[in-house]
Amino acid sequence: MFRTRRRWLVAAFVLAITAIAYIDRVNLSIAAPVLTKEFHTNAAVMGLLLSSFTWTYTLLNLPAGMLVDRVRTRILYSAALLIWAVSSFLTTLAGSVAAMFGPRLLLGVGEAPFAPAAIRTLADWLPKSERGTGSSMFISGVALGTAVGPPGLAFLVSTYGWQSCFIASGTLSLLAAVIWYAWYRHPLEDSRLTGRERELIVADQEPPQQEGRAPWSAIIRHRDIWAITSGYFCLLYILYTFITWLPSYLVQDRGMTVLSSGFTTSIPWICAFVVGLLGGRISDVAVRRGVSSLDARKIVLVGGMVAALAILGTAYSASATVAVLCLSVSTSGIIFSNGAVWAATTDVMRSLNLSGSATGFVNGLGNVGGILGPIVTGALVYATGSFVVPLVVAAGLALVGALAWAFGMRSSPAASPAGRPIAGMGDARSSAAGAGS
């Protein structure tokens with residue numbers, strides 16, 4: 001059975017690497033309440049530290065995306081995972097908040113190629129009709145890592161000290177690097193891929209372009225990419241606010257212990273994991289039934305951001321149970337939308353053989369929201385003494401993102417008649433094989 005479904009094994013491995021990436025990101029959030037006391041710091045400073053990972057991550061996303069279109073993802077993914085491991089191990093040596101900035105900045109360097117490499121891998125391995133499901137599997141790794149990470153890491157922090165959670169996450173990254181390098185091959189080189197499955201993959205991909213990739217400037221000139229990026233900025237502001245501050249919110253505003261906050265934090269992400277997989281399936285079914293690809297993605301994009309408005313219930317509810325329920329709806333909405341972001345990006349750019357570069361562009365600019373989320377939230381908590389105002393701000397960004405996607409994206413990717421190039425966009429054909437195996 002698995003010999004005829006190898007593409008889904010690859011997608012599942014991408015999901016697993018995504019989960020590991022977010023365990024590496026959330027480990028500091030779990031340790032934050034302990035570190036705040038041990039290093040005698042405050043929420044504003046901790047907000048800067050929690051955000052610092054995204055500084056280098058965002059800065060390097062654009063060049064990392066271009067690198068993915070030129071370097072084999074087998075090598076790039078393995079190298080990235082090794083850097084994640086080193087970052088985690090170095091964090092255990094820190095004796096102050098200031099000393100933690102270096103390892104977190106290094107983690108951002110290592111994770112910069114992560115999203116472009118994932119999308120490039122899925123673009124190489126999946127036909128168009130399965131692209132939404134594959135992208136949602138990738139993004140569901142975000143929810144999975146953020147669901148399983150907090151309770152396990154919280155147990156380690158409470159039992160063995162804050163350093164233990166970084167040792168655990170670093171070891172996990174190291175193992176993944178070794179396994180990926182030994183196991184992964186590009187579909188054109190994978191001897192374990194059957195001819196039947198290879199034909200299925202290639203038959204439903206964009207026709208090959210023999211001249212290579214289109215000019216990189218085609219990304220900047222594409223209206224749909226700017227619309228996708230605008231909404232993604234809003235989405236990542238909310239996502240990183242949840243990832244970095246949710247444990248502290250549960251401790252400070254809801255009176256939970258570090259251990260209980262770790263287990264409670266996992267509840268919204270478990271829900272999001274299930275809902276995220278559903279989002280990709282919905283858009284793929286719509287495509288198969290004749291809905292244009294971008295319209296199918298928009299249904300999921302806008303619907304998820306509307307659901308994210310439930311964060312208002314978390315802000316104003318007097319009940320911790322209701323607050324967590326609203327968090328679960330909002331978090332599920334974010335992950336529901338997130339997978340469709342990458343399906344839409346691939347739909348638009350695969351025909352130009354720029355999947356990796358476009359992913360780096362969208363992820364790089366969108367992550368400015370990821371930088372601002374933790375910093376603004378920390379500053380507002382420090383100024384107001386609670387999380388109410390930061391949560392309301394997050395809800396406002398959800399509305400802005402929904403509007404950007406609803407009215408900024410066209411119904412279908414721009415196409416050129418008779419295979420002629422679109423003005424300012426290079427050749428409208430693509431390479432199914434490409435670089436980045």
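Analyst: Let's start with a definition: buried means under 20% relative accessible area, exposed means over 50%, and partly exposed is in between (1.4 Å probe, protein chains only). This is a predicted model, where local features need pLDDT of at least 70, side-chain atom pairs count only at pLDDT 80 or more, and totals for chains, interfaces and linings use all residues. Residues are numbered from 1 along each chain as its sequence is written, and side-chain values use heavy atoms, leaving out hydrogens and water.

User: What makes the link between Arg297 and Ser283 a polar contact?

Analyst: Their side chains are joined at 2.9 Å. A polar contact is a pair of N or O atoms within 3.5 Å; within protein, one must be able to donate a hydrogen and the other to accept it, and residues adjacent in sequence count only if both atoms are side-chain atoms. Arg297 itself is in helix H12 (residues 293–308); helices are DSSP runs of H or I with at least four residues, numbered from the N terminus.

User: Why is Phe89 called partly exposed?

Analyst: Phe89 has 31% relative accessibility, so it counts as partly exposed, the class between 20% and 50%. Phe89 is found in helix H3.

User: And what about the chain as a whole: how many helices and strands are there?

Analyst: The chain has 16 helices and zero strands. Buried residues make up 59% of its 437 residues.

Note on methods
Helix = DSSP H or I, 4+ residues; strand = E, 2+ residues; numbered from the N terminus.
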